[in-house]
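This report is written for a reader who has not seen this structure before. Please look through the sequence and the model first.

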Amino acid sequence: MEIKQIHTQLLINGLLNDPLLHGQFVASIALKHPNNLDYSTQVLHQCDNPTLFAFNSMIRAHSKSSNPRRSFVFYNRILQSNLSPHPDNYTFTFLVRTCAQLLDRETGQAVHSALTKHGFESDPHVQSGLIYMYAELGLLDCARKVFDDIPEPDLVTQTAMVTACVKSGDVGFARDLFDEMPQRDHIAWNAMIAGYAQCGQSRDALNLFHLMQLEGVEISEVSMVSVLSACSHLGALDQGRWAHAYIKRKKIPITVMLGTSLIDMYSKCGNMDKAMEVFWGMKDKNIYTWSSAMGGLAMNGFGWKCLELFNLMKQEGVWPNEVTFVSVLRGCSVVGLVEEGCKHFDSMRKEFGLEPMLEHYGCMVDLYGRVGRLNDALDFINKMPVKPHAGAWGALLNACKIYKNMELGELASKKIVELESNNHGAYVLLSNIYADSKNWDRVSNVRQTMKAKGVRKLPGCTVIEVNDEVHEFFVGDKSHPRYGEIEAKLEEISMRLKLLGYVANTNPVLFDIEEEEKEDALCKHSEKVAIAFGLISLKEGVPIRIVKNLRACWDCHAVTIMISEIYNREIIVRDRNRFHHFKDGDCSCKGYW
DNA sequence: TTAGGGTTAG
């Protein structure tokens with residue numbers, strides 16, 4: 001029977017005044033129709049004496065809704081009523097959730113006082129809720145205080161505390177707590193692995209996962225989502241493939257979330273074919289799934305495919321959100337579709353009611369910049385309704401480097417430094433612009449300013465995976481056990497490049513101003529070292545996949561194009577921004593990155 | 001009849 005019919009029957013027979021039946025009915029409507037809480041509220045009022053259970057059900061439903069603050073309407077009704085007991089442990093468990101949702105510190109602390117006053121401070125459900133709430137509110141000390149006051153914290157509160165530490169950025173302490181736990185179930189393991197994955201300690205996440213396997217702990221979808229996320233960050237395709245095979249072998253169901261993680265992993269490892277294979281194989285998709293696939297296509301340079309997917313998504317009735325539009329605009333940008341990009345940008349507000357965010361403005365500047373419309377890019381920045389952020393100016397600066405526009409480049413870098421005085425990228429790009437026009441005095445000025453302000457260049461680092469092992473090369477680091485062979489290979493590459501007429505830009509000033517610190521020489525940039533290592537350690541015909549922490553340097557880019565031809569090797573580089581697929585002497589970025 | 005800890009896209 002339909003709920004409405006039941007409702008009518010209950011009303012006709014006067015049964016809604018039976019407090020027990022009424023409570024049950026309110027709770028079931030609130031659960032079944034979480035998006036229409038007005039209905040359950042209406043039913044709540046159709047009884048003269050609603051039970052505490054009915055009120056609690058309303059607080060619970062609202063704590064998960066888009067308007068959590070309404071929970072307090074029902075809480076106040078409880079306080080005003082003569083119910084006995086007044087609010088109970090259930091009331092506060094739900095109310096604490098509400099506060100976590102609200103991200104309102106004052107309210108959270110007020111609720112904490114109230115539940116203490118009512119004597120529920122020692123309830124373990126309330127305690128774990130409080131730890132979660134304080135972590136959400138960014139009040140780790142308060143979470144810590146709640147935790148430390150528990151004489152014998154159980155598994156759940158301990159796990160909540162581990163997560164709280166991760167959220168506040170103290171993974172080391174989270175791990176200490178985890179190690180000290182007398183017992184750990186699979187949720188505790190998942191919490192710690194997720195913690196490492198979320199704060200970028202991907203290798204630690206993978207190591208802990210392997211330990212979890214060794215200990216024979218149950219491995220679920222949740223564990224695998226974190227494992228895949230760690231592989232995505234590392235760009236570790238072999239490990240990601242292994243994880244996919246493991247999921248199949250263990251028959252872990254590919255839910256929407258797990259499927260989305262697989263798509264993201266393959267995308268960020270540069271294997272878009274495989275990512276799309278997973279995508280098309282998924283029966284259920286949500287907005288994360290679509291946005292992930294679109295973002296992957298854009299990042300890998302398949303702008304048109306990204307837009308096709310966007311159209312398909314709309315045809316299937318899926319409503320885009322802000323993240324989707326970041327992917328759409330990037331898709332337009334990588335193939336230089338300015339008008340199309342503008343159209344989509346306008347549609348955000350007009351068609352979909354979405355307010356563009358800073359990221360979207362940054363994408364638009366990039367869109368104009370890529371095709372060389374620098375003045376339009378500047379115009380766009382000047383007309384932004386919000387204060388332009390460093391990202392918007394950064395997109396312009398990058399375009400100035402490509403199109404060698406010194407004047408605008410100076411302006412953009414000045415603006416960036418005003419906003420972020422330690423933005424090393426801005427200095428590096430500006431000095432590159434000066435160097436391009438052989439303006440060595442200014443190059444030297446920039447370097448002196450950097451020195452004076454103590455702005456340090458981030459050391460370049462490149463990662464390559466060989467035989468399931470991740471090798472990390474820092475610029476100037478010779479510690480790799482096979483460094484001798486790598487050096488010999490680099491010399492061979494250098495010889496073969498020279499035979500083809502390649503002349504490195506040997507101006508020492510230029511060396512020193514590339515994004516990577518000059519340690520040895522231009523030819524020892526971490527990117528080249530990793531490629532040389534790939535050439536000596538991977539079988540012929542196997543693509544070389546590397547991940548860089550910085551934007552590709554110009555010389556490395558030029559050299560990689562040539563290596564792909566000379567050695568007939570596909571080289572896939574993920575830099576800080578996007579992918580470069582090098583093949584047969586060409587790069588998918590077509591010279592713009 | 002109600003409750004606590006772990007997972008996805010920028």
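## A serine inside a helix

Leaving aside neighbours within four places in sequence, Ser327 is in contact with Ser291, Met294, Gly295, Ala298 and Cys306, where contact means heavy atoms within 4.5 Å. Ser327 sits in helix 20 (residues 322–334). Helices are DSSP runs of H or I with at least four residues, numbered from the N terminus. With a relative accessible area of 7%, Ser327 is buried; buried means under 20% relative accessible area, exposed over 50% and partly exposed in between, computed with a 1.4 Å probe on protein chains only.

## Basis of the model

The model is predicted: local features need pLDDT of at least 70, side-chain atom pairs count only at pLDDT 80 or more, and totals for chains, interfaces and linings use all residues. Residues are numbered from 1 along each chain as its sequence is written, chains are lettered from A and ligands numbered from 1 in the order in which they are written, and side-chain values use heavy atoms, with hydrogens and water left out.

A residue is near the strand if one of its heavy atoms lies within 4 Å of it. Sugar and phosphate make up 38% of the atoms of DNA strand B that come within 4 Å of the protein. Helix 12 (residues 186–198) supplies the largest share of this surface, seven residues.

Polar contacts are pairs of N or O atoms within 3.5 Å. A side-chain N or O atom of Gln198 is 2.5 Å from a phosphate oxygen of DNA strand B.

In helix 25, the buried residues are Leu408, Gly409, Ala412, Ser413, Ile416 and Val417. They cover an arc of only 165° around the axis, so they lie on the same side of helix 25; the arc is that of the directions from the helix axis to the C-beta atoms. These buried residues pack against helix 23 (374–382), helix 24 (390–402), helix 26 (424–436) and helix 27 (440–453).

The face turned away from the buried side of helix 25 carries the exposed residues Glu407, Lys414 and Glu418. Asn405 caps the N-terminal end of helix 25, with a side-chain oxygen 3.3 Å from the backbone nitrogen of Glu407.

Conventions: A polar contact is a pair of N or O atoms within 3.5 Å; within protein, one must be able to donate a hydrogen and the other to accept it, and residues adjacent in sequence count only if both atoms are side-chain atoms. Helices (H or I, at least four residues) and strands (E, at least two) are DSSP runs, numbered from the N terminus.
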